[in-house]
Amino acid sequence: MVQSLNRLQESPSQTAGPYVHIGTTPNFIGINSVYPEDLGLRPCPAEAKGERIIVTGQIFDGSGSVLRDALIEIWQADADGLYPGRGEHRGAADPNFPGWFRQPVDGSTGVYRFETIKPGQVPYPDGRKMAPHITFWIVARGINVGLHTRMYFGDEPAANEADPLLGRVELKVRVPTLIAERREDNGVPCYKFDIHLQGDKETIFLDI
Amino acid sequence: MRNEPAPNHNGAFYQRDRSWHPPAFTPDYKTSVLRSPKHALLSLTNTLSEMTGPVFGHSMLGPLDNDLIRNFATTGDAIGPRIIVHGQVLDEDGRPVPGALVEYWQANAGGRYRHKKESYLAAIDPNFGGCGRSITDEEGRYWFRTIKPGAYPWPNGVNDWRPAHIHFSIFGHAFAQRLITQMYFEGDPMIWQCPIVMGIPSKEAVETLVAALDRAATIPMDTLAYKFDIILRGRRSTMFENRMEGN
């Protein structure tokens, strides 16, 4: 026998289920008297520094059908590449930038749409710079453990080329599943980032 | 300016043990069949993008946010068995996680959710909304008062019923710790018949999601209590790690 490590094990994940909105965005489904507003649903404040962008898309299952009951959370750095939360030790981030947003996909179209700013670059642990990216976390009925992925920006080809994560992808044909192309939508930069849970266009998901 | 935390608190998170969690593909839970990735996950060293996370202040909480018997009530208390659910949010090293946002949601005593896409014939309780939230205190503790939820049928197998359960969403100190799970109740025979529960590979892991009846925390002649601790990922020591400037 050896000594015990005396560690606990993480609580096992379970699906968020189809009624995740009750707990996370109750106002969105008409439960309006409990919280004054849904957490994370407010768009990025106008005072936040940086280039304002729209990130939009849909989530597809293995049959190509759109998910209409998923919940998406995003977490990203501010325009200078600083995170506005715990664990950021390099300096104070933009006080007007929340960094975290949460949104259910539309119940009929499955479309999500975040109004945010384009993040700056953040260093990898070895000091190399990661390309600008937004972390996505997706939960839904049928998803047993929340899925982590990243959205990169199509107008950052040089940074993407040097990105440590993208460089680790063995099947290079899969790299584009993480890159959203830039378009203009009424003069506002718009990135369309569709997520495919399964199949030929399957998005790269991360074990972080 | 760099704010040096205590040793063991600043490293990468322990790798998630994905043989302890349910796999993505659990075919007895039918919706997982088309919603599970077929490719392997891409493993990534924790970076600042995962080792940081949003902060939620106690000031955002309303006085009834952790009282589901009253926070939606208009004509009287919600109907059903009155219970307190309490516990600690800890990391895998047993350290309390203070300041963690814990959100919870559930069906009413009859197993009916207040959701526009839900059509189960059990009645809506006009005084029960079904959502609440807490932020853990300095010892990582949270508590709330609610109605014990009922079991409810779902279109998976012909005659599948979910055990009584409360959904939990937890924000630790970093996005790497983000977790959604479900709490079950001690002694419920339906736990072991549920395809969602049984997607968890081991009995031992399932048992960590079963809240214990806690008679010591019961309020006599008023409210029963259940204790449900939640464990988030722990962090590696950084003492022998070569950390470059910038992380």
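**Exercise 1. Is Asn156(B) buried, partly exposed or exposed, and what is its relative accessible area?**

Before we start: this is a predicted model, where local features need pLDDT of at least 70, side-chain atom pairs count only at pLDDT 80 or more, and totals for chains, interfaces and linings use all residues. Residues are numbered from 1 along each chain as its sequence is written, chains are lettered from A and ligands numbered from 1 in the order in which they are written, and side-chain values use heavy atoms, with hydrogens and water left out.

*Solution.* 
- Step 1: take the cut-offs. Buried means under 20% relative accessible area, exposed means over 50%, and partly exposed is in between (1.4 Å probe, protein chains only).
- Step 2: compare. Asn156(B) has a relative accessible area of 8%, so Asn156(B) is buried.
- Step 3: You'll find Asn156(B) in the loop between strand 6 (152–154) and strand 7 (160–162) of chain B; strands (E, at least two residues) and helices (H or I, at least four) are DSSP runs numbered from the N terminus.

**Exercise 2. Find what Asn156(B) touches, and its polar contacts.**

*Solution.* 
- Step 1: look for contacts (heavy atoms within 4.5 Å). Leaving out residues up to four places away in sequence, Asn156(B) touches Asp28(B), Tyr29(B), Lys30(B) and Pro195(B).
- Step 2: look for polar contacts. These are pairs of N or O atoms within 3.5 Å; within protein, one must be able to donate a hydrogen and the other to accept it, and residues adjacent in sequence count only if both atoms are side-chain atoms.
- Step 3: read them off. A polar atom of the Asn156(B) side chain lies 3.0 Å from the backbone nitrogen of Lys30(B), and the side chains of Asn156(B) and Asp160(B) are joined by a polar contact of 2.9 Å.

**Exercise 3. Describe how chain B meets chain A.**

*Solution.* 
- Step 1: count residues. 94 residues of chain B are in contact with 76 residues of chain A.
- Step 2: get the area. Buried area is the accessible area (1.4 Å probe) that two parts lose on being put together, summed over both; here it is about 7,900 Å², 56% of it on carbon and sulfur atoms. In chain B, Arg35(B), Leu42(B) and Phe175(B) lose the most area to chain A.
- Step 3: Seven salt bridges cross the interface. One joins Arg102(A) to Glu103(B), with the closest N and O atoms 2.6 Å apart.

Methods
A salt bridge is a side-chain nitrogen of Lys or Arg within 4 Å of a carboxyl oxygen of Asp or Glu.
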